Amino acid sequence: MDKKKVVVPLVCHGHSRPVVDLFYSPITPDGFFLVSASKDSTPMLRNGETGDWIGTFQGHKGAVWSCCLDKHALRAASASADFSAKLWDALTGDELHSFEHKHIVRACAFSEDTHLLLTGGVEKVLRIYDLNRLDAPPREVENSPGSVRTLSWLHSDQTILSTCTDIGGVRLWDVRTGKISRTLETKSSVTSAEVSQDGRYITTADGSTVKFWDANHFGLVKSYNMPCIVESASLEPKYGNKFIAGGEDMWVRVFDFHTGAEIGEFPYAVHRQYFFTSSII
């Protein structure tokens, strides 16, 4: 009997405009959670396992390009086209602080110790805010070669990963010196970059390629060609044996991490979020 692909999506309604960023929290004593950013200006918090809506963060006046939760899922942050990044209480939905910028903010990330918030965007400046002193001016790390698209922390907050909207490569910044220490070279601009939950891999999407890099020695571990231009890719966090990739053809596909073979797919609808499990029968 031939094997066939079976994918069962959970469809979670809510946003009225395209979803541009999704972020899962680590597992907490209360489970794990997911926050979504959308061009409708209202980040939403959901149960990470069921997709059930928990709450909406209201306060931005422009598209929200990035969102994240701290490791305890107690606070959320968002980056917006309204020239601000906001800090939220994830339990009540209250706005705790608004960090004003001079241009569009495209990325935000909590440090592993949850004391710092990193932002970046069109200004080509990385800003590090001390969340224990909300009114203190941020530390500014300048000389990003292009508009910042994504940001992540690495190596116990000693390294920052950044990508640009118009230039290829992933830049690794030494937090102590504020200088670029290394660049992971790619042919196209990197639209997605994340550190795996176990800290072993950096997953990137550039052009029609998904790459996996060693997060400690920075060598290229695997590179797979995708069937279309890829906007985002993510390694499954629990077992690390598959990854998903989505792009311009409006489908999200599931691939085997070890071989790159496609093992499932489902359509992506602009006004919906899909939480899925996949199996082969």
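A residue counts as buried at under 20% relative accessible area, as exposed at over 50% and as partly exposed in between (1.4 Å probe, protein chains only). Phenylalanine 212 is buried, with a relative accessible area of 0%. The model is predicted, so local features need pLDDT of at least 70 and side-chain atom pairs count only at pLDDT 80 or more, while totals for chains, interfaces and linings use all residues. Residues are numbered from 1 along each chain as its sequence is written, and side-chain values use heavy atoms, without hydrogens and water.

**Aromatic pairs**

- Rings of Phe, Tyr and Trp (its six-membered ring) pair if their centres lie within 6.5 Å; planes under 30 degrees apart count as stacked, over 60 as edge-to-face and the rest as tilted.
- The count by this rule is 7 aromatic pairs.
- Tyrosine 201 and phenylalanine 257 form a tilted pair, because their ring centres are 5.3 Å apart and their planes are at 55°.
- Tyrosine 201 is in strand 18 (residues 201–206) and phenylalanine 257 in the loop between strand 23 (251–256) and strand 24 (262–267), 56 residues apart; strands (E, at least two residues) are DSSP runs, numbered from the N terminus.
- Phenylalanine 212 and phenylalanine 257 are edge-to-face, because their planes are at 85°, with ring centres 4.9 Å apart.
- Phenylalanine 212 lies in strand 19 (residues 209–214), so its pair with phenylalanine 257 ties together parts 45 residues apart in sequence.

**Cluster and burial**

- One aromatic cluster is formed by Tyr201, Phe212, Tyr224, Phe243, Phe255 and Phe257.
- Phenylalanine 257 is buried, with a relative accessible area of 3%.

**Charge over a ring**

- The charged end of lysine 222 sits over the ring of phenylalanine 257, 5.5 Å from its centre; this requires NZ of Lys or CZ of Arg within 6 Å of the ring centre and within 35 degrees of the ring normal.

Definitions and conventions: Helices (H or I, at least four residues) and strands (E, at least two) are DSSP runs, numbered from the N terminus.
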